[in-house]
Amino acid sequence: MSGILNLVIGLAMGLNLIALGSSRLPTLIRAVSVQGVLLGVMPVLMESERLDWRVLLVALATIAGKGLLIPSLLRRAMRAANIEREVEPFIGFVPSLLLGAVGTIAAVALARALPLLPEHVGMLLVPGSLASLLTGFILLIGRVKAISQVCGYLILENGIFLFGLLLIHSTPLLVESGILLDVTVGVFIIGIIVDRIQRAFDSLDTRKLTALHE
Amino acid sequence: MNSLLLIVVPLVGAALAALWPNDRTRPWFLPGFGLVHVVLTFWQFLNPPVVAPGAWLGFDPLARAVLPAVSLLFLVCAAYGVSYLRIRSERPNRVFVAVLLAILGLLSAGHQARHLGLLWITTEAVTLAAVPLLHFNNAPRAFEATWKYLLVGGTGIALSLLGSFCLGYASLHGGGVGDLTFTALMAQGAGLSRPWVLTAWVLLLVGYGTKMGLAPMHTWKPDAYGEAPGLVGAILAGGVTTVAFTAVLRVRAVVAASGAGPMADRTLLVIGLFSVVVAALFLLGTRDFKRMLAYSSVEHMGILCIGAALGAAGAAAALFHVWSNSLTKGSLFMSAGNIRRAAGSPSMDDVRGMAILTPRSAALFVAGLFAVTACPPFGPFFSELQIVRAALGSGHGLATAIFLTGLLLAFLGLTRVVFGIVDGRPRPVVKANSKDFVETAGVVAPPLLLLGLSVWLGLFTPAILRTAWLAAVTQLFPTP
């Protein structure tokens with residue numbers, strides 16, 4: 001099972017690089033959406049021998065939330081705000097990709113320093129998680145438009161979800177559902193604000209948010 | 001049971017306020033439910049319940065040492081809120097009132113959370129709930145502040161979740177069975193996996209430190225406090241940051257139990273000193289008196305961390321400082337709010353001579369300045385004195401020197417701004433603007449009351465409060 005799981009994690013890590021290299025918002029949103037679906041499949045793969053309703057619930061909620069609902073909200077926000085489809089980077093696409101690639105290698109190396117339980121050895125969960133965190137940070141810092149920053153935040157959250165999978169068997173559902181609720185609500189509110197920012201500034205350009213400074 | 005009431009009552013109040021049809025009478029929900037909350041809290045404070053060790057939620061000694069201050073602050077802010085919302089009757093207040101009450105409920109839950117996951121969920125909920133409060137003014141600048149708050153705060157909260165996972169994995173790796181209550185984690189002690197505990201500590205300190213507003217994760221704070229209404233600033237600076245601080249204290253206790261206490265204390269001391277110094281430098285530069293309060297809050301969060309880093313004596317002093325800082329800062333935010341409303345601008349470039357235009361608020365603002373910069377006889381003087389004593393007692397001479405220098409610079413920065421706006425002759429524009437603002441008892445009495453409480457806390461610290469702080473310290477520093 002571990003082989004298939006690692007394959008899926010590897011795909012998710014590949015999507016990180018696509019997200020970093022894409023110059024158009026729809027591609028970025030699609031990358032995030034596909035990553036959400038992959039993440040939803042992972043708990044089922046991990047627990048395939050002792051599948052219960054909790055794991056299925058987490059999987060379904062993840063696919064519905066990260067894979068469908070949030071991307072559709074993002075697309076709606078993009079249409080409603082009538083913004084251009086280009087991403088507009090602070091950090092260029094090639095430097096972003098290089099940073100992402102170096103980060104991925106560093107994540108694999110760093111993950112070796114942390115001890116794992118025998119059943120988790122050989123899984124790519126920790127490197128995948130670290131790489132996604134880093135990708136999220138690069139997008140948060142290196143992109144101008146509010147929607148691409150939201151996508152960066154989502155990839156960051158996906159990285160945390162990947163790490164959470166290590167604990168899916170031991171921690172109560174409360175923690176798991178708390179994550180999903182948070183992601184959905186958080187982006188929902190961010191979406192509203194994006195909408196408001198649009199009305200106030202007539203663009204989603206966070207570079208214009210510079211009135212407040214010393 | 002009662003600990004649940006503390007959470008449920010304000011939430012019910014929030015739901016009722018959301019359904020209440022009348023904008024003019026709705027603000028009375030705030031002091032009404034605030035009063036019930038204060039009564040419930042102090043009843044529990046006087047009759048501390050026995051909390052089962054494995055309970056996820058409970059009025060334990062740490063909650064008992066801190067939550068009454070937050071409850072009291074909320075009640076006074078709520079009384080101020082009635083007058084404030086009357087002045088701002090042009091803005092709909094349904095969301096504002098409901099969200100404030102919801103935040104009170106969530107703050108009660110956060111202070112009482114004895115479970116790593118529950119603590120995180122409540123902190124997250126408070127973060128999100130505060131969003132509508134920040135853009136109450138509905139201006140472009142308020143949107144900008146909200147966006148930054150969400151982006152920085154959201155990232156911080158995400159990192160604290162990752163930290164919680166790491167701590168969970170530390171327990172699992174050390175043979176734990178997935179019980180993430182702080183009691184269980186502390187009991188596991190040295191059994192926790194060391195590399196994971198260290199990773200968790202860094203992430204949790206950064207995460208909850210963002211919520212507290214420790215430098216360098218403080219960047220959201222000046223924007224948010226600068227643009228939000230005064231009473232929102234008071235509750236954020238006195239209540240929300242306190243939850244994050246108790247979270248840091250609880251996590252520190254787990255890290256210390258695992259044997260990495262000295263390392264945790266060192267990081268706390270460094271980040272605390274760094275916050276004090278950074279805040280002091282920004283205080284010397286800012287020209288906006290509401291942003292000034294935000295930097296002052298960063299400074300005091302740093303002081304709390306320094307206290308927490310100095311062992312049992314320092315932690316007791318830090319809990320004392322939570323009280324004195326919350327009450328004093330509340331008073332400052334309200335008088336600053338009055339001046340801001342009367343003057344129409346928060347910048348010392350436009351605002352002068354407020355001692356003539358709003359004499360009462362200006363007097364309160366100056367008194368609050370001396371209180372928050374730790375002049376006797378106000379509370380912060382005594383709590384900071386205890387922290388300095390604890391620092392010298394544990395041989396941190398250099399840290400004390402940096403700390404005192406930071407305080408001095410902060411004092412210079414604060415007095416520069418405060419006297420800049422209070423003194424002098426008012427500009428005609430400001431004069432005309434301030435005609436619409438009347439200093440009623442409703443907007444002057446609450447900050448005065450908080451200042452009075454601050455003096456009382458300093459001069460006549462009740463013995464029962466001292467024992468409550470010591471009991472909390474015993475919970476956090478169990479003798480082996």
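**Chains A and B: loops, interface and pocket**

In chain B, Pro377 lies in the loop between helix H14 (359-372) and helix H15 (379-393); helices here are DSSP runs of H or I with at least four residues, numbered from the N terminus. A cis peptide bond joins B:Pro376 and B:Pro377, with omega at about 10°. B:Ala374 is also placed in the loop between H14 and H15 of chain B, and B:Ala374 has a positive phi of about 65° although it is not a glycine. Most residues other than glycine have a negative phi, and most peptide bonds are trans.

Before I continue, please note that this is a predicted model, in which local features need pLDDT of at least 70 and side-chain atom pairs count only at pLDDT 80 or more, while totals for chains, interfaces and linings use all residues. Residues are numbered from 1 along each chain as its sequence is written, chains are lettered from A and ligands numbered from 1 in the order in which they are written, and side-chain values use heavy atoms, with hydrogens and water left out.

A cis peptide bond also joins B:Ala215 and B:Pro216, where omega is about 5°. B:Pro216 belongs to the loop between H8 and H9 of chain B.

I turn now to the interface. Here 48 residues of chain B are in contact with 43 residues of chain A, contact meaning heavy atoms within 4.5 Å.

The elements of chain B that give two or more residues to the side touching chain A include helix H5 (116-134), helix H6 (140-173) and helix H8 (194-212). H6(B) gives the most, with 23 residues.

Finally, I consider the largest pocket, which is lined by 24 residues. On a 1 Å grid over the protein atoms alone, a pocket is an open set of points with protein on both sides within 12 Å along at least five of seven lines, and lining residues have an atom within 4 Å of a point. B:Lys148, B:Leu151, B:Val152, B:Thr155 and B:Thr219 lie nearest its centre. The largest share of the lining, 7 residues, comes from H6(B).

Definitions and conventions:
On a 1 Å grid over the protein atoms alone, a cavity is a set of points where a 1.4 Å probe fits but cannot get out, and a pocket is an open set with protein on both sides within 12 Å along at least five of seven lines; lining residues have an atom within 4 Å of a point.
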